[in-house]
Amino acid sequence: LMLEAIVTYPGLQNIITFSYTRGQGISPGFAHITCTPQEQWPDRQGTLRLEYAEESVEFPDCVTDNLSFTFDASGQLWQLMLMDRRWKWRYGSINGRYNIRLPNGPIDKLDPRTEKTPTELVQLLLDEMGETDAVIGRLPTKLRETVYWDHANPAQELANLCDKFGMVIVLRADDIVGIYPRGYGDLNGTERSVFSDVGVIADSGS
């Protein structure tokens, strides 16, 4: 079933086709837009908006990643690629040493000054990424993962922890980050590939 929507992005007019596929994880999803040529370039950064008959969905902080040109029977067309806001996760760094084992005690004896639960470690990384409203699913309560962060990328460290804890990172349709157990709910369907088949019924520009 093809959904039909009004698709807009700042500075972009006369959109002909649109698709957006978004997967789990820290890599950005990509929106592919075909439009007719225009005098000005689209905005480098802005909000991608899909407006349906009874609701609308917004994806803020998208950036243009690539602009190419193609031709059809009617002439030249532009093909624009947008990245969703996970492009920002490539940047930033975090430092910290947590759940350090004491040198002269049992292997499971921690230095209490460095103890952090899995939820606390995940929250530290999310805060550094600016994702203060993230929803964190149930994580192990007794596990104490030793980490050494030395100018580490927070998103990559979050991905590493989620792999160890059996969790997945999802940028939900409401633009909130979710950390869920692998296989939870319909993540392998709805959240793995959304808005990948959208028909453009109109375009009001920006």
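A residue counts as buried when its relative accessible area is under 20%, and as exposed when that area is over 50%. The model shown in these views is predicted.

**View 1. The aromatic pair W41 and W78 is stacked.**
With a relative accessibility of 5%, W78 falls under the 20% limit and therefore counts as buried. W41, at 57% relative accessibility, counts as exposed.

**View 2. W87 and Y91 form an edge-to-face aromatic pair.**
Here the centres are 6.4 Å apart, with 80° between the planes. W87 is buried, its relative accessible area being 16%. Y91 has a relative accessible area of 54% and is exposed. In total, 4 aromatic pairs are counted in the model.

**View 3. T64 and its contacts.**
T64 sits in strand β5 (residues 56-72). With a relative accessible area of 12%, T64 is buried. Neighbours within four places in sequence are left aside in this view, and the contacts of T64 are then Y9, P42, D43, R44, L80, M81 and L82.

**View 4. Helix α1 (residues 118-128) and its buried residues P118, L121, V122, L125 and L126.**
An α-helix has 3.6 residues a turn, so residues three or four places apart point the same way. In helix α1, the buried residues are P118, L121, V122, L125 and L126. Looking down the axis of α1, these buried residues fall within an arc of 135°, so they line one face of the helix. After α1 comes G130, which has a positive phi, near 85°.

**View 5. An open sheet of 3 strands in the order β8-β11-β10.**
Strands of a sheet pair through backbone hydrogen bonds, either parallel or antiparallel. In this sheet the pairing is mixed. β8 and β10 (167-171) are the edge strands; each has a single partner strand, so one side of each has no neighbour in the sheet. β10 pairs with β11 in the antiparallel sense, over 5 bridges. I169 stands opposite I179 in β11. Helix α2 packs on the sheet and touches β10 and β11, and the direction of α2 makes about 135° with that of β10.

**View 6. The protein chain as a whole.**
The protein chain has 2 helices and 12 strands. From the N terminus on, these elements run β-β-β-β-β-β-β-α-β-β-α-β-β-β. The chain is made up of 206 residues, of which 42% count as buried. Of the contacts between residues at least 6 apart in sequence, 63% join residues at least 24 apart. The chain exposes about 11,400 Å², and carbon and sulfur atoms supply 48% of that area.

How values were computed. Residues numbered from 1 in each chain as written. Predicted model: local features only at pLDDT ≥ 70, side-chain atom pairs only at ≥ 80, totals over all residues. Heavy atoms only, no water. Phe/Tyr/Trp six-rings, centres within 6.5 Å; stacked < 30°, edge-to-face > 60°. Buried < 20%, exposed > 50% of the residue type's maximum accessible area, 1.4 Å probe, protein only. Helix = DSSP H or I, 4+ residues; strand = E, 2+ residues; numbered from the N terminus. Contact = heavy atoms within 4.5 Å. Arc of directions from axis to C-beta. Areas by Shrake-Rupley, 256 points an atom, 1.4 Å probe, with all protein chains shown as cover. Pairing = 2+ DSSP bridges. Axes fitted to C-alpha atoms, helices over the stretch in contact; angles between N-to-C directions.
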